[in-house]
Amino acid sequence: MKILITGNMGYIGPRVVKHFRNSYPGIYIIGYDIGYFANQLTCTNFFPECNVDIQYFADVRGGTEGILENIDAIVYLAAISNDPMGNKFEKPTMEINFLSAVDLAKKAKLYGVKAFVYASSCSTYGFADDAPRTEESTVNPLTAYARSKVHAEIGLSRLADKSFKITCLRFATACGMSERLRLDLVLNDFVASAITSKKIVILSDGTPWRPLIHVKDMARAIDWAINRTIETGGENLVVNIGSNEWNYQVKDLANAVAKIMPEVDVEINKDAQPDKRSYKVNFDLFKRLAPNYQPIYDLPMAIMELKNGLEEIRFKEKDFRNSNFMRLKVLDSLLDSGFLDEKLRWTLGK
């Protein structure tokens with residue numbers, strides 16, 4: 001099998017690459033990444049891209065035709081990957097998350113690629129604080145990031161047929177340790193706060209709902225998506241990826257961290273305005289279609305892994321929200337240094 005993974009040098013990518021390398025002897029893996037976060041390495045003593053057969057440092061907004069020959073499947077992880085970045089860089093977000101994904105899929109289809117897996121998001125549901133949202137629920141994207149995912153799903157759906165299988169995975173919020181750790185994710189943030197400050201301060205009233213999934217389980221879901229048959233979900237499939245047991249209120253996540261790290265205090269801002277990004281998600285379809293690929297990591301396991309991983313790298317940065325552990329801070333630093341322009345394209349620097 002020969003696969004192309006775009007955005008392989010982010011938070012999720014190294015775990016996906018490692019999963020495929022360990023699961024498929026003889027697999028040929030091509031990495032394709034613009035390299036914004038290439039040097040944001042954690043918990044590793046070697047360059048993660050040693051696990052790919054060839055690495056391209058390139059922008060998905062550029063040409064990719066030359067590398068599509070004999071590719072069996074494409075995994076599209078490339079993205080401006082959260083709400084703060086999407087709000088600040090709305091046009092590049094649409095170009096990278098939506099337009100380039102559809103453009104690459106069109107080219108891939110012409111080259112005979114059989115499967116295209118797109119990393120979408122449950123954030124497409126927006127505010128949904130009543131019944132858990134299913135794939136049949138109306139989407140309500142509240143941010144540029146979420147809108148880009150909805151547009152991509154629609155654009156990709158038009159390309160699917162019996163010879164070109166499209167799978168859009170609406171992932172729950174990612175968590176867990178990675179070779180390129182992000183701390184702008186709710187559970188990762190809470191564990192980092194617990195380690196550095198012995199305190200978790202919840203800026204909301206703690207009631208918003210978040211479904212979560214471990215990055216290693218995300219990799220397993222991508223594996224399933226590549227290998228599923230047309231009879232399992234159809235030519236075009238949009239499916240929620242996570243577990244019903246991983247629907248948590250934010251305050252429950254904080255308390256779970258404090259239970260494992262009992263010296264930690266939890267503070268909730270009870271006077272905060274309601275958070276509009278609150279949604280519960282139903283994952284029954286994924287459970288029915290992929291019974292052998294269900295999440296195997298639970299919340300205590302994720303917390304312990306993060307705790308151990310951060311302690312292993314001697315993490316002590318109390319002001320981590322203003323550090324390069326936050327993806328927006330990395331982009332801002334590259335912009336300020338003149339290495340990126342306002343379109344998030346590389347320059348020669350100052």
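1. In this predicted model, a search of the whole structure turns up eleven aromatic pairs. F315 and F320 form a tilted pair, with 6.1 Å from centre to centre and 55° between the planes. Both residues are buried, F315 as well as F320.

2. F315 also pairs with F325, and here the arrangement is edge-to-face, with a centre-to-centre distance of 5.2 Å and 85° between the planes. Because F315 and F325 both lie in the loop between α9 (299-312) and α10 (327-336), the pair ties together parts that are ten residues apart in sequence. F325 is buried, as is F315.

3. Elsewhere, ring pairs link four residues into a cluster, and its members are Y76, F116, Y118 and F164.

4. Turning to the helices, one packing to examine is that of α3, which covers residues 90-110, against α4, which covers residues 144-157; their axes are 9 Å apart and the angle is about 15°. That angle makes α3 roughly parallel to α4, since angles under 35 degrees are counted in that way. The crossing of α3 and α4 is right-handed.

5. Which residues of α3 and α4 meet? On the α3 side they are E90, T93, M94, N97, F98, A101, V102 and A105, while α4 contributes A144, Y145, R147, S148, K149, H151, A152, G155 and L156. Sorted by class, this contact of α3 with α4 has nine nonpolar, five polar and three charged residues.

6. The crossing of α5 and α7 is right-handed.

7. Where α5 and α7 meet, the residues from α5 are V186, L187, F190, V191 and A194, and those from α7 are V250, L253, A254 and V257. How many nonpolar, polar and charged residues does the contact of α5 with α7 have? By class there are nine nonpolar residues, with no polar and no charged ones.

Technical notes. Residues numbered from 1 in each chain as written. Predicted model: local features only at pLDDT ≥ 70, side-chain atom pairs only at ≥ 80, totals over all residues. Heavy atoms only, no water. Axes fitted to C-alpha atoms, helices over the stretch in contact; angles between N-to-C directions. Helix = DSSP H or I, 4+ residues; strand = E, 2+ residues; numbered from the N terminus. Parallel < 35°, antiparallel > 145°, perpendicular 65-115°, else oblique. Left-handed = near helix turned anticlockwise from the far one by under 90°. Contact = heavy atoms within 4.5 Å. Nonpolar A, V, L, I, M, F, W, Y, C, P; charged D, E, K, R; others polar. Phe/Tyr/Trp six-rings, centres within 6.5 Å; stacked < 30°, edge-to-face > 60°. Buried < 20%, exposed > 50% of the residue type's maximum accessible area, 1.4 Å probe, protein only.
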